[in-house]
Amino acid sequence: GDSRKSLGRRDAYHGLLTSPPYLTRLDYVHATLPEILLLAEFDTVPDTQRLRRSMLGSPLTSERPVQSVERLPNPLKELLNAIGSHSSKASASYYHRFFSTYFVDLQASMRNIAKVLKGGARGCMVVQSSHYKEIEIDLAKAVISLGEQLGLHHQETVEFSSQRSMALVNSRAHEDARKPKSESAVFLTKG
């Protein structure tokens, strides 16, 4: 399901483990199309174009209302300002819109996660660091910042190195984007 929409009744779950789509501009729907088409066996094949447009982290972006971006924590607004003011082509348009959409949608997802966790329940989100040109995007810190805003208190972060990244495949990727990525398991507890 879509965690940006209702996940069920309030205070229903004792724990949660999730890994939102990484901030890579990878078209997950296109990359997993054979698996999605397998759902035809169960008469549940989704409209793939609609799914591609609506998925968290989709490279097919749509503008989010300014007030949604304004509700993001200050560190994320500062990051988006740095991306939007970067001198590279399309920084102020496509890339700012892509990253803004990702963080607004991640915030909506985490808001629903916070709603359905019981008080004292623990959740874990597995995320991967990213870059926009030379700008580091520490997704673990972003999750911690969003979580604190929503009453999810950071307990610990376990980092591990990943040698697998789609950015490593792209020979035209910026030098910083081609570096090995750090993945993190971020543990949060509902206050």
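Modeller: Happy to! A salt bridge here is a side-chain nitrogen of Lys or Arg within 4 Å of a carboxyl oxygen of Asp or Glu. This is a predicted model, so local features need pLDDT of at least 70 and side-chain atom pairs count only at pLDDT 80 or more, while totals for chains, interfaces and linings use all residues. Residues are numbered from 1 along each chain as its sequence is written, and side-chain values use heavy atoms, with hydrogens and water left out.

By that rule, the count is 3 salt bridges. One of them joins D11 and K190, at 2.9 Å from N to O. This pair links distant parts of the chain, 179 residues apart: D11 sits in the segment before β1 (13-18), and K190 in strand β6 (residues 181-190). Strands (E, at least two residues) are DSSP runs, numbered from the N terminus. K190 is buried, at 15% relative accessibility, whereas D11 is partly exposed at 35%. For these words, buried means under 20% relative accessible area, exposed over 50%, and partly exposed in between (1.4 Å probe, protein chains only).

Another salt bridge pairs E156 with R122, whose closest N and O atoms are 3.0 Å apart. E156 belongs to strand β5 (residues 152-162) and R122 to strand β2 (residues 117-128), so this contact ties together parts that are 34 residues apart in sequence. Here E156 is partly exposed at 36%, and R122 is partly exposed at 38%.

Then there is E70 with K77, at 3.9 Å from N to O. E70 is partly exposed, with a relative accessible area of 48%, but K77 is buried at 19%.

Methods. Helix = DSSP H or I, 4+ residues; strand = E, 2+ residues; numbered from the N terminus.
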